[in-house]
Each structure stands twice: as C-alpha cells, then as structure tokens.
Amino acid sequence: METPSKDKAPRKPNKTSVLLKGHAQLVTGVALSPSEVNHVASSCADGQLKIWDISSGVCLRTLCENDKRLSCVSYSKDGSRLITGDWAYTTRVWDIGSSSVVVNLNGHAGKITAARYRPDGMFLLTSSEDKSMRAWDMRKGASVEYKAPDEVLDCRWSADGQKVIAACKDASILIFDARIPTTPFQVLKGHSEWVTCVDVSEDGTQILSGSVDRTLKVWDVKTWSLLATCSGHEDAVNSCKFIDKFIVSGSGNRFWGSKDNRVLMWEIEEGKGHMRRSMLGHTDCVMAVDASAFSSRIAAGSMDRYVRVWDFFVPQKRKERPDSAGPSKAFCKWGCLKVLTRLETPEHEGEQCLLREIQCPECDVTVTVKNLPAHASQECAFRTFFCFCEEQVLESDREEHRSTECSHRMVPCPNECGADVRADKLDHHLKAVCQVREVRCSLGCSAAVVARDILHHQQHECSNRYHIPYS
C-alpha cells in the first residue's frame, strides 16, 4: 500500500494564534484567500491594504498607500482580486497580480460598509451608511440601488445570487429580490439593537446575523423563522461567519471601554448556540473576522492594530474513563480554584483559564489573560493614544508630542503680540491677524508700519493721507 507523502499529511492544529504586525491604525477588515492557503488580506484605517503570509508572519505586499481610510476588504471567488471600500464613498477592485486598481465604483453618498462579489462574479454588491445597497454590473459599470430605512452596516448575496440581504441599523434584516429593488419582500426582526453583520450558510439554507445587543441569531431561509440564538459575548458582535456547521464571531465596543475583545466559535444544537471555543489575544475591540474551510483557519482584525490567525479545530467532548479509585482531580495551577480532571486540565490551563500568564505582544511583560486589556490600555510602555490632532502616538511620547509636535498645541506668537495661537494656524496668524506684524501702507507711500498703527499712520503720517476724505 502506498504511504502518503509528508507534503500531503494534514497540518496539526496550532491552538495559539499567529500575530501579524504592520498596521499603524485600527484594522477594519480581514479576508482569507480562497486560492492561497497561507494568505490573508487586511484593510486598515491608515489607508493600507496588506497581503500577509500566515506561516512566516511576513507582509508580502502593500497594495494601497493613500489618505483614504479603508473600511472593508473581501476576495473574489477565484482569489485573483481584492475589493475594498473606504470612508470616501468609493469601492475599488484590485488585481493582485499587477497590484493595480482595475475598477473604481462611485455612487454612494456615505462610507462603504461592505463589498462582496456575487458567487458567479458577474455582479458586485456594496452597502453604505447612506441607507442603501447597490448591485454593480461588472460588465457595464451600471448599478441598481436598494434603499433601506436606516444605515446598512453589512450585506450579502444569497447562495444562488437571486437575493440580497442587508443588516440595518434599525435592528432589522432586509431581504430583497435582486431583480426587484423597490421594496424588500421579507423583513427579519428579533434583535433589539443595530444589526452589524450577516452571513449565509454554504448550502444557502440559513442566514446568520450579529448585533450590538450582544447576540447572534440563525434564521431559516425557507420559513424565515428564528432557529437559534447564541448568547455569550459581553460587548457588541461586530462580525460573524459560517464555517462548516460552526459559527465564528468577533466582539468588542468600538466606541468606549471595550471589555470583550474575543473571537468565539459556536455550534448550534437543539435550537441553542453552544460556545465551543474562545480565542483570546486581542487587547481591543475585534472589528472583523473571517473563517475558511479551504485553509482551515480563522482570522480577526482589531482596533489594537493587529491581525491574528488561528487554526480551525473543534475541542473534543471527552468522557472520563472509569477508574476504580475514581477520576483524579486537582485545582487549576493558575489559582482560579476550578477543580479539573486529568483530561480537562491541558485545555483549561493552556487555553481557557483567565488567570494563566501570557506575554503582552507589545512590551513582552508577563500578565494574566484577565488583566491583559487593562495592562494594554493603562500600563504598557508601548500603548498608544489618539491625540486631538488625530495622530496615534506612543503613551511614553505623549508629553513631548503635545509640547513640541502636536499641530493643535498652543504656542505664543513670536512677534510678542500677546496671543496664543494653535501651531497649525500660526502661519495664518503671522500673515493676517497679528497686531504687531509689519504691513505696507496701502496708500502708496511704501512705509512699513505695525498693523495696529496702520490707521493712525494713514490718517496722520502718510504723505498721501490728504487723498482720504475725513468726516
């Protein structure tokens, strides 16, 4: 019998994540390649679109470096193209081989929240904060508009490409016939807050939705009824994805004090969502997730500026082997006081316990998983903050930045007029506002006079003053 080659042997799952560093601001989107098993793409608010090699952790190329903040990214079905949306209302299609933009799509009047190809690649669906979706004919460049009652935060095609699905800020999910854009033929209601994300199962029978109400819901496409609810996140669900019979979701509060920052994996059984795995490591809100059965990986992008990639595996439900003396049990070594059997110990102590010690990805200080978010936001020597000037600066450089570099810092006028002026407005002040700047007399005598004295000069000193009528 032929022995399988080592190259074809299945890769052993790695329970820890691969950390990809290189973005300067929050990561807004991630997409695992459908054609290259080790590639993942990420979009960032700094305007950069990167493609990474997961095995080495190296950035293979940066396709985009501009001043337009990217908001989302996805692959075409064959993996040859990337689609990005940005805050400037534009959707771009990138050819990966040539690293160039091949299509620019303009028509929305708000930030692009999602952009996805139809399964056959003939149409592209985009959603926007302008309360609409658009289906673009990639052959003609024309689009059909689907209007919603509120901002559309995500969109998807149905598996057969005949329907379009919108996740709305008014807590509803709208289902349109792709050929009839006037009104949705079905509205799914069940969430109590914004619906932030949607996905469709590979067989097209189920719709998945995530919400600011911290839940995920699974809907039946035939009856449009609710099949199951997943509850367990502590913050808003920002992104969700089907993978095989499982669900992956990312959470966090993007506005203030994010405390969840987890990627969770769920399984639906008997009408309920059961959490099967918790993937930790991000220290701020998880903005986007993607999962791929092709590469057997799960990827997430976060406001902490990093991309993390995990191998996809399902922790086994194990049964204790009967023992005459009974199963041996012991307390968790990290001090959480949980009593564990021999079979439970490796998974709990190595992956689940919130008191286990890990290294901060920035400063390499050892902290507990539970304290990592607080360390990252309050103690880490390499933590950053957003200044009023919209620059992201290391905390250790805060005082120097604010006193010498910040464009919004107040500086005294060098002419000693007594005014304090914002640094980025100083040039305008010196040229047009400062009362002790030198100005030329406008009556033609060519005298240079202090600005505050110009009127007195023109009325009493200027050799051409008699040309001015006085009352």
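**Close-up 1. Arginine 139 and its salt-bridge partner.** In this predicted model, arginine 139 counts as exposed, since its relative accessibility comes out at 59%. Its partner is aspartate 137, and the closest N and O atoms of this salt bridge sit 3.3 Å apart. Aspartate 137, on the other hand, is buried, with a relative accessible area of 9%.

**Close-up 2. A salt bridge between two strands.** Here the side chains of aspartate 199 and arginine 156 meet, at 3.3 Å from N to O. Aspartate 199 belongs to strand β18 (residues 195-200) and arginine 156 to strand β14, so this pair ties together parts that lie 43 residues apart in sequence.

Close-up 3. Arginine 262 pairs with aspartate 260, with 2.6 Å between the closest N and O atoms. Arginine 262 is buried at 14% relative accessible area, and aspartate 260 is buried too, at 6%. Elsewhere, look for Lys245, Glu267, Glu269 and Arg276, which are linked in a salt-bridge network. Searching the whole structure turns up 17 salt bridges.

**Close-up 4. Asparagine 238 and what its side chain reaches.** You'll find asparagine 238 in strand β22 (residues 237-243). With a relative accessibility of 6%, asparagine 238 counts as buried. Its side chain makes a polar contact with the side chain of arginine 254 (3.2 Å) and also reaches the backbone oxygen of valine 286 at 3.0 Å. Leaving out residues up to four places away in sequence, asparagine 238 touches several others, including Thr196, Cys197, Ser251 and Met287.

**Close-up 5. The largest nonpolar core.** This core has 16 residues, and the ones touching the most other members are Leu125, Met133, Tyr146, Trp157 and Val164. Strands β11 (123-128), β12 (132-137), β14 (152-157), β15 (163-168) and β16 (172-177) each give two or more residues to it. Zoom in on leucine 125: not counting residues up to four places away in sequence, its contacts include Ala114, Met133, Cys155, Trp157 and Val164. Apart from this core lies another, of 13 residues, with Phe246, Val263, Val286 and Trp310 among them.

**Close-up 6. A four-stranded open sheet.** The strands run in the order β6-β7-β8-β9, with antiparallel pairing. Why is one side of β6 and of β9 left without a neighbour in the sheet? β6 (70-75) and β9 (100-106) stand at the edges, and each has a single partner strand. On average, neighbouring strands of this sheet are turned by 20° against each other, direction ignored. Five bridges join β7 (residues 81-86) to β8 (residues 90-95), and isoleucine 83 has valine 93 in β8 as its bridge partner.

Technical notes:
Residues numbered from 1 in each chain as written. Predicted model: local features only at pLDDT ≥ 70, side-chain atom pairs only at ≥ 80, totals over all residues. Heavy atoms only, no water. Core = buried A, V, L, I, M, F, W, Y, C linked by side-chain atoms within 4.5 Å. Buried < 20%, exposed > 50% of the residue type's maximum accessible area, 1.4 Å probe, protein only. Contact = heavy atoms within 4.5 Å. Polar contact = N/O pair within 3.5 Å; in protein donor to acceptor, adjacent residues only side chain to side chain. Pairing = 2+ DSSP bridges. Axes fitted to C-alpha atoms, helices over the stretch in contact; angles between N-to-C directions. Salt bridge = Lys/Arg side-chain N within 4 Å of Asp/Glu carboxyl O.
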